[in-house]
Amino acid sequence: MQDELRARIVLDEAGPAPGTGHVTGVDVAYDDERDVVAAAAVVLDAATLRVVAEATAIGRISFPYVPGLLAFREIPTVLAALDALDRPPGLVVCDGYGLAHPRRFGLASHLGVLTGLPTIGVAKNPFTFAHAGPDTPRGSAAPLLAGTEEVGRALRTRDGVKPVFVSVGHRTGLDNACAHTLALTPAYRLPETTRRADALCHRALREATGQPEPGTHQSFGRPVD
DNA sequence: GCGACAG
DNA sequence: ATCTTGTCGC
């Protein structure tokens with residue numbers, strides 16, 4: 001299926017200019033025990049990084065995590081969240097890869113082809129591509145190489161901090177994808193889009209399952225004296 | 001055959 | 001992704 005759909009990726013568009021229009025982050029959280037998945041889509045104003053729209057969707061886990069097949073696990077619920085938005089998403093920033101994929105069709109490319117939207121992938125970990133460590137300062141980058149082809153970049157978004165791994169999804173160029181990623185990281189390693197979507201899908205999952213009770217999402221809660 | 005392997 | 005503690009740094 002990936003080999004089929006790959007032909008529909010549009011690579012001759014530079015994509016939206018960084019800092020203009022809207023940028024949307026999508027992310028998914030799981031509760032394997034209860035077989036529940038929650039997705040979130042958060043639309044930011046690209047210039048101010050302020051949230052202008054949000055939407056979530058709840059579903060059942062329909063596919064296991066298999067390296068290389070992440071899209072089949074995450075996309076159904078992500079599509080539902082995007083559909084629930086009350087305005088166009090603009091550029092969509094995914095957790096994971098686009099072209100930097102064993103078959104050149106990662107999550108970001110898959111989502112782009114299904115929706116027709118411009119997409120990029122920003123992953124936290126390298127997949128199976130060789131890359132040198134980018135220089136220390138923020139903005140430094142090193143190519144992700146599939147043989148001789150540059151399928152993405154290891155991009156430093158904070159001085160001296162582990163880089164993120166950027167690749168093109170659909171209807172966007174790699175230089176532009178990296179420029180967007182830098183515009184979305186004024187304070188943290190990960191894009192604001194990813195951070196907002198991550199927080200929202202965890203909140204939605206918790207509200208849908210009504211499990212933990214601790215204070216803030218990622219905290220462990222105060223020990224009882 | 002074995003290890004690696006986005007989230 | 002999820003679970004989970006201590007700890008280093010600003």
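Modeller: Let's begin with a hairpin: β1 and β2 form one, with four residues between them. In that turn, D35 has a positive phi of about 60°. Keep in mind that this is a predicted model.

Biologist: Thanks! How many bridges join β1 to β2, and do they run parallel or antiparallel?
Modeller: Strand β1, residues 22-31, is joined to β2 by 10 bridges, and the two run antiparallel. If you want a spot to look at, find V28, which stands opposite A39 in β2.

Biologist: And what does β2 form with β3?
Modeller: Another hairpin, this time with five residues between the strands. L49 sits in that turn and has a positive phi of about 65°. The pairing of β2 with β3 (residues 51-60) is antiparallel too, over nine bridges. As an example, V37 has G59 in β3 as its bridge partner.

Biologist: Is strand β2 mostly covered or mostly open?
Modeller: Mostly covered: of the 10 residues in β2 (36-45), nine are buried.

Biologist: Switching topic, I see DNA here. How many residues surround DNA strand B, and which are the closest?
Modeller: There are 16 residues around DNA strand B, and the closest are G68, Y97, K124, N125 and P126. Of the DNA strand B atoms that come within 4 Å of the protein, sugar and phosphate make up 42%.

Biologist: What does G68 do at the atom level?
Modeller: A polar backbone atom of G68 is 3.1 Å from a base nitrogen of DNA strand B.

Biologist: Which part of DNA strand B does the N125 side chain lie by?
Modeller: A phosphate oxygen: a polar side-chain atom of N125 is 2.6 Å from it.

Biologist: You listed Y97 by the DNA. Is Y97 buried or exposed?
Modeller: Y97 counts as buried, because its relative accessibility is 8% and the cut-off for buried is under 20%.

Biologist: Got it. How many aromatic pairs are there?
Modeller: The count is two. In one of them, the rings of Y97 and F127 have centres 6.1 Å apart and planes at 20°, so that pair is stacked. Y97 is in the loop between β4 (91-95) and α3 (107-115), while F127 is in the loop between β5 (119-123) and β6 (141-146).

Biologist: Last topic, cysteines. How many disulfides are there?
Modeller: The count is zero. C94 is in none, as the nearest cysteine sulfur belongs to C201 and is 13 Å away. C178 is in none either, with the sulfur of C94 as its nearest, 15 Å away. A disulfide needs two cysteine sulfur atoms within 2.5 Å, so those distances rule it out.

Biologist: Are C94 and C178 buried or exposed?
Modeller: C94 is buried, with a relative accessible area of 1%. C178 counts as buried as well, at 7% relative accessibility.

Conventions:
Residues are numbered from 1 along each chain as its sequence is written. Chains are lettered from A and ligands numbered from 1 in the order in which they are written. This is a predicted model: local features need pLDDT of at least 70, side-chain atom pairs count only at pLDDT 80 or more; totals for chains, interfaces and linings use all residues. Side-chain values use heavy atoms; hydrogens and water are left out. Buried means under 20% relative accessible area, exposed over 50%, partly exposed in between (1.4 Å probe, protein chains only). Rings of Phe, Tyr and Trp (its six-membered ring) pair if their centres lie within 6.5 Å; planes under 30 degrees apart count as stacked, over 60 as edge-to-face and the rest as tilted. Two strands pair if DSSP finds at least two bridges between them. A residue is near a molecule or strand if one of its heavy atoms lies within 4 Å of it. A polar contact is a pair of N or O atoms within 3.5 Å; within protein, one must be able to donate a hydrogen and the other to accept it, and residues adjacent in sequence count only if both atoms are side-chain atoms.
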